[in-house]
Each structure stands twice: as structure tokens, then as C-alpha cells.
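Take a look at the model first, and then we'll walk through it together.

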Amino acid sequence: MERESTRNLSASLLAQENHNREGLDGGGSATVVLVLSTFIAVCGSYVFGATIGYSSPAETGIMDDLGLSIEEYSVFGSIMTIGAMLGAVMSGKTADFVGRKGAMRISEAFCTVGWLAIAFSQAAWLLDFGRLLTGCGVGVLSYVVPVYIAEITPKNLRGSFASLLQFMIALGSAMTYFIGAVVSWRILALIGTIPCLVQLLGLFFIPESPRWLAKVGRDKECETALQRLRGVNADISQEATEIEDYIEALQQLPEDRFLELFQRMYARALIIGFGLLLLQQIGGYNAIVFYASSIFKKAGFSTTVGTIVMAVVQIPTTILGALLMDKAGRRPLLLVSASGTCLGCLLVGLSFSLQDLQWCKELNPGLVFVGILIFNASFGLGLAGIPWLIMSEIFPINIKGSAGSLASVVNWLSSWITTYVFNFLMDWNSAGTFFIFASIGGLTVLFVAKIVPETKGRTLEEIQAVINPLNNKPYANENG
């Protein structure tokens, strides 16, 4: 009986959020404050990219200066993902307790201290500690940045604005490769603090998420934030009233507890969110980025040219994905992206197979290079950012904290496992490693085609009606 009551309240809440989003999102325009708020938020994504990209250009310098072995440097490279898991565990609750801006402040404090520890380290333990701290910050940022952007942007702009996440991740990674080619690893770490400080300063000038303010009972501040985001001449009275009604219904639902996630009504949302973030990582992206230099070296291709071009090629495809996000939709981009990663890994696997057989020796290095470029460009088109966007769209707000934290943990845990076993797999069979990644790309295509719904231009209730029609029968029938 209690579960049925919860289901009815959830349906009522979704209906009210639908009206709320129609007010908040329908016909929204890109105001100066909205653009500024998004820019400050995605500075966190730049930090994300810089952190991921740091280990490759810094490898030689750190190992020479501090006398690290390959095993010790592998710990340094992979410990970031352990930190990210720790950050992910607390990300949802932190963002719910101190707000979206507060969570970003805490994240950047971790990252800033982490970069400074790396820059001034004289021993492996301090180097690893700094890398762990940056990982903790990135783990929180990977959750809170897409949630903040999804909560402040109109639905007609949500996809395009959210796609800036991956653009900034790609830009951060590319710039780290570029700068790392001309400066020392210590200077590169100090440069890593700059976007952290930009976001910390910028957070003083942008509004908090109106939804979070309303959720914690700060109604006046919610109205002020709405007015700033929608423009000084916008009429927000109806929107503010609808948010208040929405929060009243929200308060009647059970608290956001971990065990509440495992109800049948949330099953498909969890499968979609966790599945996409899992497949994103076990497809090999972070492992390939972390160890790009060793891949190109093993193939006999220039490591400097390979790593720089690999980082650059993702930027234009990410821009293309941003332009197509709210036109082509999420599903088509995911399907093309996963197909491309599958093709790229097949080419790399084929090249290493030919290398083992001592065939076409002169073509193998170029084939690995082309395959990695296809993989990286395809990943940037969709798989890099869309899983995070869909995660922020499909979880109802009453479970978003717990579900988002758990989804982030799944993502970073799978990333750690993949990056940890990658070198062992490459020693076992280089071609087999990339054929495994290719098969995961093919599995991702099937997963998206069969399970993932299109969320482009839909309100939360419409998304929920597609994901879970049994709990939204009236609305599903009306729109069926």
C-alpha cells in the first residue's frame, strides 16, 4: 500500500515537474547570465580533461626526475581513478547538502591542492597523494557539473549547452598535451591550477540552481536566481509558483536513501544510466588516453605526433556533436559514436595482428595511428559526453543524489579496472586487447538501439513515460 502511494506521488510529482519545465524551459533564450553560468561550470570539465591528459606528457619527466619505476608510475596514473571513485561516492549527497555551487567549490579546492602537491613533490608518496586529491575533485565535478547545467538551461538549449562539457574535457586534454610538450611536468601541474582558480572566482558571480534553492526552502533566492537566468524582463511568477507546488509534492516522497533506488519503478532508468557509463569506460577510452605514448611506441609510430594529433582530432568532432545534439538527437549520435569506436579498435587490432605475423610492416604504424584517430574522433562525437547528459536527465530529482553518485562510482570503478589491466592485456596480446574493445563498441551499439530512449526536446515526465510507461499510463496514453 505504501509503495502504491509512493508511485502515485511520483506520478503526481512528474506531472508537476513537466509543467514546471514547460515554464522554465519552453522557449528559453541564452541570456548573458545563463551563458556565463554555463562557462563557469564547464571550467570544471576543463579541469577534468587536464587531469586525464596529464599523465601521458608528464611520464618521461616524472620518471627521470624522481627515479620512478614503470610500476610506480602506473600507480600514479591509475590512482586518479581511485580518487574519482571516492569523490563520486560523496558527490550526490554533497551537491544536495551544500548546493551545486558549494560542491563545485569543494571539488576545485581538492584539485588545486592536488596540483600543488604534484608540482612540489620530491617523492612518490606526495606525487600520488596529489594525484589522488585531483581525482577526488574530478569525481565530484563529473556529477555536479552536468546536473547544474541541466537544471539551469531551457530544454531547447539543454543538449547544446551540456555538450560543452565534452568540448571542455577534450580542450583540457588537448591543451595539456600541447603545453606538456614544451614545459616541464612541474610547470604543467602549476598551470593546472589556473582553471581551478577561474571557477572558484567565477562561482561568486553566478546564481545557484533554482531547483536546489527551492528544494531547501530558500524561495526568495530561488526567485532571484530564476530572474537572473531568464532575464530582467522575464515574467517568472508562474514558474516560481509551479516550483513551489513541485517541491510540496517532492516532500511527500520518501527521503533519498540508497535502498530506495532498487524499486521496480526505477529499474530501467538505472539500467540505462549505469549501462551507458559502464560501456563508456570499458570500451577503453581512458586506458588509451592514459597510455597513448606506449601504444604508439609499440606500433613504431612517433609518440609526440601521435599523442598531439590524437588530442586535437577530438575537438572538431565534439563541436560537431554540440551542433547536432538538439537537432539529430542523442540516440543517433551515440549509435554513430559507438560504431566509430568499434571500427577504430578493429583497425588497431588488425594492425597489431599483422605486426605479429610480420606482414605489411611499413603500413602497420600508420594503420594504428588512423585507428586511434577514428576511435578518438568517434568517442568525442557522442560517447564522451552524452552518457553524462542522459544520466542527468533520466533520474527523477527525488533519487538523483543517490543514483547519480552510484552511477559515477560505476563509471570510475570501471575506468580504474580498465586502466589497471590495460598494460597486462597489452603484454598478453596487443591485438586481442583492441579486439575486446571493438566487441564492447559493438555491444554499445546494440545497447543504445534496444534500450536507450531519445531524450531530445522532452520534459522529465515525457522521458519518464518512455522509460517507465506502467507508472505513467495516463500520460503515456495521452501522448502515445
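## Starting inside helix 3

Leaving out residues up to four places away in sequence, which residues does Thr 94 touch? Thr 94 touches Gly 99, Ala 103 and Ile 106, where contact means heavy atoms within 4.5 Å. Thr 94 sits in helix 3, residues 70-119; helices (H or I, at least four residues) and strands (E, at least two) are DSSP runs, numbered from the N terminus.

Thr 94 counts as buried because its relative accessibility is 15%. The cut-offs go like this: buried is under 20% relative accessible area, exposed is over 50%, and partly exposed is in between, using a 1.4 Å probe and protein chains only. Val 140 is 46 residues from Thr 94 along the chain, and their C-alpha atoms are 8.4 Å apart.

## How to read the model

This is a predicted model, so local features need pLDDT of at least 70 and side-chain atom pairs count only at pLDDT 80 or more, while totals for chains, interfaces and linings use all residues. Residues are numbered from 1 along each chain as its sequence is written, and side-chain values use heavy atoms, with hydrogens and water left out.

## The whole protein

The protein has 22 helices and zero strands. Of its 480 residues, 60% are buried. If you take the contacts with a separation of 6 or more, 83% of them are between residues 24 or more positions apart.

The protein exposes about 18400 Å², and carbon and sulfur atoms supply 67% of that. Accessible areas come from the Shrake-Rupley method with a 1.4 Å probe, and for residues only the protein chains shown count as cover.

## Salt bridges around Asp 96

A salt bridge here is a side-chain nitrogen of Lys or Arg within 4 Å of a carboxyl oxygen of Asp or Glu. By this rule there are four salt bridges. Asp 96 pairs with Arg 100 at 3.0 Å, N to O. Because they are four residues apart in helix 3, these two are separated by about one helical turn, and both are buried.

Asp 96 also meets Lys 215 in a salt bridge at 3.9 Å, N to O. That pair links distant parts of the chain, with Lys 215 in helix 9 (residues 210-215) and Asp 96 in helix 3, 119 residues apart. Lys 215 is partly exposed, with a relative accessible area of 28%. Asp 96, Arg 100, Glu 151 and Lys 215 are linked in a network of salt bridges.

## A buried Glu with no salt bridge

Now hop over to Glu 454, in the loop between helix 20 (430-450) and helix 21 (460-467). Glu 454 is buried but has no salt bridge, and the nearest side chain of opposite charge, Arg 330, is 4.5 Å away. For charges, Lys and Arg count as positive and Asp and Glu as negative; His and the chain ends are not counted.

What does the side chain of Glu 454 reach at 3.1 Å? It's the backbone nitrogen of Arg 331. The backbone nitrogen of Arg 330 also lies 2.9 Å from a polar atom of the Glu 454 side chain.

Finally, Leu 36, Phe 39, Ile 194, Val 198, Leu 201, Phe 204 and Phe 205 make a nonpolar surface patch of about 710 Å². Patch residues have over 30% relative accessible area and no salt bridge; like charges are joined within 9 Å, and nonpolar side chains (Val, Leu, Ile, Met, Phe, Trp, Tyr) within 5 Å.

Helix 8 gives the most to the patch, with three residues. Leu 201 is in helix 8 and counts as exposed because its relative accessibility is 53%.

Notes:
A polar contact is a pair of N or O atoms within 3.5 Å; within protein, one must be able to donate a hydrogen and the other to accept it, and residues adjacent in sequence count only if both atoms are side-chain atoms.
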